[in-house]
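Please look at the sequence and the fold together before reading on. The report below goes through strand pairing, the nonpolar core and the salt bridges in turn.

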Amino acid sequence: MRKIFNRTVWFLFITTAGGTLLYTLIEIQDRRDNSFYVEEGELPSDLHPTVERKKNQLVDEAESIGIEVVITEEVRSIEEQEKIYEQGRSTDGEVVTNADGGESYHNYGLAIDFALLNEDERVVWDMERDGNDNGEADWMEVVDIAKGLGFEWGGDWRSFKDYPHFQMDFGLSIRELKNGKRPKAEPISES
């Protein structure tokens with residue numbers, strides 16, 4: 001286990017302008033913060049404890065405002081991810097992901113997918129439904145709750161929009177995760 005430090009790199013540029021030396025310092029910081037440890041590890045079979053805790057908070061907070069959230073997907077094996085990736089490519093159906101096996105945060109226990117439960121207790125992916133009759137789409141209310149809990153939403157992505165997807169990357173890229181790095185579980189505070 002090793003601590004990831006916030007690195008600062010300073011570059012000194014010396015240029016001349018009219019015979020005078022100008023010194024410019026440019027600070028470049030690593031994108032990670034230093035608030036967690038990283039461990040080496042195998043692929044998980046369960047959600048990361050922080051993701052699990054935040055998922056449960058999401059479901060509870062949505063329920064408190066009259067929205068029933070259904071978690072439709074959590075951890076996926078590499079094989080399951082490869083099968084989903086092939087959908088719409090070499091198998092029937094529409095393309096539902098651009099992430100091949102090992103390239104999804106689901107493979108590392110850091111992502112969940114959700115849907116809504118309607119009044120007939122059917123699972124729906126209706127982004128415009130206002131089941132709690134407050135004038136706001138339930139889907140976007142759930143997205144707002146999730147973002148407030150620290151999740152990244154797939155609907156904000158520039159290229160392939162994944163509207164049912166939430167993830168927490170803990171500052172780790174897919175490449176780092178593929179190379180064995182794992183976020184350590186944060187201690188749970190008793191309150």
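L117 stands opposite V123 in strand 7. This is a predicted model, in which local features need pLDDT of at least 70 and side-chain atom pairs count only at pLDDT 80 or more, whereas totals for chains, interfaces and linings use all residues. Residues are numbered from 1 along each chain as its sequence is written, and side-chain values use heavy atoms, with hydrogens and water left out.

Helices (H or I, at least four residues) and strands (E, at least two) are DSSP runs that are numbered from the N terminus. Two strands are said to pair if DSSP finds at least two bridges between them. Strand 6 and strand 7 (residues 123–124) run antiparallel and are joined by two bridges. These two strands form a hairpin with five residues between them, and in the turn E121 has a positive phi of about 60°.

With strand 5 (residues 69–73), strand 6 pairs in the antiparallel sense over four bridges, and here E73 stands opposite D113. With strand 9 (residues 165–167), strand 6 pairs in the antiparallel sense over three bridges, and the bridge partner of D113 in strand 9 is H165.

How many of the seven residues of strand 6 are buried? Buried means under 20% relative accessible area, exposed means over 50%, and partly exposed lies in between (1.4 Å probe, protein chains only). Six of the seven residues of strand 6 (residues 111–117) are buried, so this strand is largely enclosed by the rest of the structure.

## The nonpolar core

A nonpolar core is a set of buried Ala, Val, Leu, Ile, Met, Phe, Trp, Tyr and Cys residues joined through side-chain atoms within 4.5 Å. The largest such core has 29 residues, and those with the most contacts inside it are V51, L58, L116, V142, F151 and F166. Two or more residues of this core come from each of helix 1 (49–64), strand 6, helix 3 (138–148) and helix 4 (174–178), and the largest share, five residues, comes from helix 3. Contact means heavy atoms within 4.5 Å; when residues up to four places away in sequence are not counted, the residues that L116 touches include V69, V70, V123, V124, W139 and V142.

## Salt bridges

A salt bridge is a side-chain nitrogen of Lys or Arg within 4 Å of a carboxyl oxygen of Asp or Glu, and by this rule the count comes to eight.

| Pair | Closest N and O atoms |
|---|---|
| E74 and K55 | 2.8 Å |
| R76 and E73 | 3.7 Å |
| D156 and K147 | 2.8 Å |

Salt bridges that share partners join E52, K55 and E74 into one network.

The bridge between E74 and K55 has its closest N and O atoms 2.8 Å apart. This pair links distant parts of the chain, 19 residues apart, with E74 in the loop between strand 5 and helix 2 (78–86) and K55 in helix 1. At 28% relative accessibility E74 counts as partly exposed, whereas K55, at 9%, counts as buried.
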